Amino acid sequence: MKSLRIVLSCVLAASALALATPPSTAAAAPGERVTAPLSELIAALPVRDEGSRDGGYSREQFRHWLDADRDGCNTRNEVLLAEATVAPEVTGRCTITAGTGRWWSWYDERTLTSKNDVDIDHMVPLAEAWDSGASAWSARERQDYANDLGDERSLLAVTDSVNQSKADQDPAQWMPSAASATCRYIADWVTVKTRWGLAADPAEHAALQKTAARCDGPEITVVLAR
């Protein structure tokens, strides 16, 4: 088994190479499992200024809410069903009945009773992913990122207005209002960036370190997606 030091070095090298070279030649290690304290995963994130979105980024670059397994449920409904604290009624292949089900939005400690009040949040927003390295990915990699059901920390059912206030901001610019959410949010943010080999800009990296220093230093396990 690789030592933690070697594994983290591999994560850093793979992430840096993925950002610097086309996806077809990037030496990432999909499927590799990494376990480390939050502080070490933050230290392993590549730090670089974000690129310009001029003439490039749009949400359409990340095709999302697909029915990848062809079971009738698109990605949004898959997350709604997985995260429901009270299961909603489902008709047909995957139609969630309005007014049924409950969801807990841990960003603002609010219980939601209507699917119409729930947004599915990309923990690391699509535009932030683009700025942090996804602009160099293939269309298929961006699609996989936008529909990532392989890690429950990637996509979250949260209050729609809260998700809209977050928009495409990173933790240097926006954090959930609930004090109980702070450490979990930072840990999940770093997990997703590690999973996908994404960088952090200097202000974001400093905010991650500062906030993580107030947490209990949780150990995180993440399976690399690229």
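**Disulfides, salt bridges and nonpolar cores**

Colleagues, I begin with the disulfide that joins Cys-183 to Cys-215, with an S to S distance of 2.0 Å; a disulfide here is a pair of cysteine sulfur atoms within 2.5 Å. Cys-183 lies in helix α7 (residues 182-196) and Cys-215 in the loop between α8 (202-212) and β9 (219-223), so this pair ties together parts that are 32 residues apart in sequence. Helices (H or I, at least four residues) and strands (E, at least two) are DSSP runs, numbered from the N terminus.

Two remarks on the basis of the analysis are in order. The model is predicted, so local features need pLDDT of at least 70 and side-chain atom pairs count only at pLDDT 80 or more, whereas totals for chains, interfaces and linings use all residues. Residues are numbered from 1 along each chain as its sequence is written, and side-chain values use heavy atoms, with hydrogens and water left out.

To return to Cys-183 and Cys-215, their link is left-handed, with -100 degrees about the S-S bond. Cys-183 is partly exposed, at a relative accessible area of 30%, while Cys-215 is buried, at 12%. Buried means under 20% relative accessible area, exposed over 50%, and partly exposed in between (1.4 Å probe, protein chains only).

How many disulfides does a search of the whole structure find? The search finds two. In the other pair, the sulfur atoms of Cys-73 and Cys-94 are 1.9 Å apart. The torsion about this S-S bond is about 95 degrees, so the disulfide of Cys-73 and Cys-94 is right-handed. The pair links distant parts of the chain, 21 residues apart: Cys-73 sits in the loop between α2 (38-44) and α3 (75-83), and Cys-94 in the loop between β3 (90-91) and β4 (95-96). Both Cys-73 and Cys-94 are buried. With bonded cysteines counted along the chain, the pattern of the disulfides is 1-2, 3-4.

I turn to the salt bridges, of which the whole structure holds eight; each is a side-chain nitrogen of Lys or Arg within 4 Å of a carboxyl oxygen of Asp or Glu. One of them pairs Lys-193 with Glu-204, with the closest N and O atoms 2.8 Å apart. Lys-193 and Glu-204 are both buried. Through shared partners, salt bridges join Glu-128, Lys-193 and Glu-204 into one network.

Within helix α5 (residues 139-146), Arg-140 and Asp-144 are four residues apart, about one helical turn. Their closest N and O atoms are 2.9 Å apart in a salt bridge. Arg-140 is exposed, at 55% relative accessible area, and Asp-144 is partly exposed, at 32%.

Finally, the cores. A nonpolar core is a set of buried Ala, Val, Leu, Ile, Met, Phe, Trp, Tyr and Cys residues joined through side-chain atoms within 4.5 Å. Which members of the largest core, with its 38 residues, touch the most other members? They are Leu-38, Phe-62, Tyr-107, Met-123, Val-124 and Tyr-145. Among the elements that each supply at least two residues of this core are β1 (33-37), α4 (126-131) and β8 (155-159). Helix α7 supplies the largest share, seven residues. Another core, of 10 residues, lies apart from this one and includes Val-79, Val-118, Ile-120 and Ala-157.
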